[in-house]
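Hi,

Here is the structure I promised to send over. Have a look first, and my notes follow below.

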Amino acid sequence: MVAGCWGALVLRVQMVMIGLMLGLLLLTGVISQAGGLAGRGSIVFASERAGSSDLYLLDIDRDYLRRLTHTQATDRRPAWSPDGRTLSFYSNRENGRWNIFIMNPNGTNIRQITETDGRDGNLAWSPDGQYVAFDSTRTGNLEIFVMETACLDAPTTCDPQRITHHAAADRSPAWSPDSTQLLFESARYEYYEIFRVNPDGSDLTRLTVNNTPDWSANWSPNGREIAFASGRGETWDIYVMDADCDTLPGGCEDNARLLVEHPYDAALPQWSPDGQHIIFEAWMDNNFDLFIVQADGQHLQRLTTHPANDTQAVWWP
């Protein structure tokens, strides 16, 4: 009888503790619907939950959330170095001008690595660690630039190489897994479309040809597929196409296949390091939240539910 009462008491205490933990998770905007994502690791994303746009680290497995930057300015588009030791982002925290910054994974040692009166942003690290690419208005309109990662330690001594030359905007570079090619999006044919180019600017190839924008393209870790966002349906949705689709009959347009048809607009797909999942942002409940789906389009799950915007998620390598 005593043992039975003791067992009931222990169970009640456990239920209270679980309730407190779930309440804390709801307060931080990380929801328990992310169950079944064990082994998915950590992400960094931009969020306006503290008023301005700052960067946050979320351990998906442990539902642990940590704020990395604290500023009244705007911090955007985080990106990891291949070894996971450095996090880049762009911000207007210095004199209101948009430049690229890097910092340690815990948010310490923030330092500015580009200096322009225009806008530098969307930095991407080559997987081999040798180069970075970014977009910039330093020559007028948005173009793609490439420079050696060694320049991050001595930015004033380096001259980034411009690899695109067009009157329309070229933006958001993304490296292939073997570091030999870049994807980017360009508005040079009325709508944003997806292009591929070598890091020296050669072999420029248009991949998508559509009467609505295609953008935010990223290679899968094995280099076989490209995920991207498109407005070719009734809403912005996530699509996947083969990386060599330009060589296939019908080209990339016939090859593109719908991965996630979200009831509201979705964008910025990012592959998990093992290629098993894709994280993206979508408009829901009057703000952007983060969602995760398997690479085959199954088991869509909502990751955040905060009333402020949660966007631009990237996985820790």
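Let me start with a turn: strand 2 and strand 3 make a hairpin with four residues between them, and Asp63 in that turn has a positive phi of about 55°. Strands here are DSSP runs of E with at least two residues, numbered from the N terminus. Before going further, keep in mind that this is a predicted model, where local features need pLDDT of at least 70, side-chain atom pairs count only at pLDDT 80 or more, and totals for chains, interfaces and linings use all residues. Residues are numbered from 1 along each chain as its sequence is written, and side-chain values use heavy atoms, with hydrogens and water left out.

Back to strand 2. Strand 2 (residues 52-59) pairs with strand 3 (residues 64-67) in the antiparallel sense over four bridges, pairing meaning that DSSP finds at least two bridges between two strands. Leu57 sits opposite Arg66 there. Strand 1 is also an antiparallel partner of strand 2, over seven bridges, and Phe45 has Tyr56 as its bridge partner. The hairpin of strand 1 and strand 2 has one residue between the strands, and Gly51 takes a positive phi near 110°.

Now the pockets. A pocket is an open set of points on a 1 Å grid over the protein atoms alone, where a 1.4 Å probe fits, with protein on both sides within 12 Å along at least five of seven lines; lining residues have an atom within 4 Å of a point.

Of its 21 lining residues, Arg76, Arg77, Leu268, Thr311 and Gln312 are the closest to its centre.

One last item on confidence: mean pLDDT (the predictor's confidence in each residue, from 0 to 100) is 88 for the protein chain, and 86% of its residues reach 70 or more. Over residues 1-38, though, the pLDDT is below 50.

Cheers

Notes:
Contact = heavy atoms within 4.5 Å.
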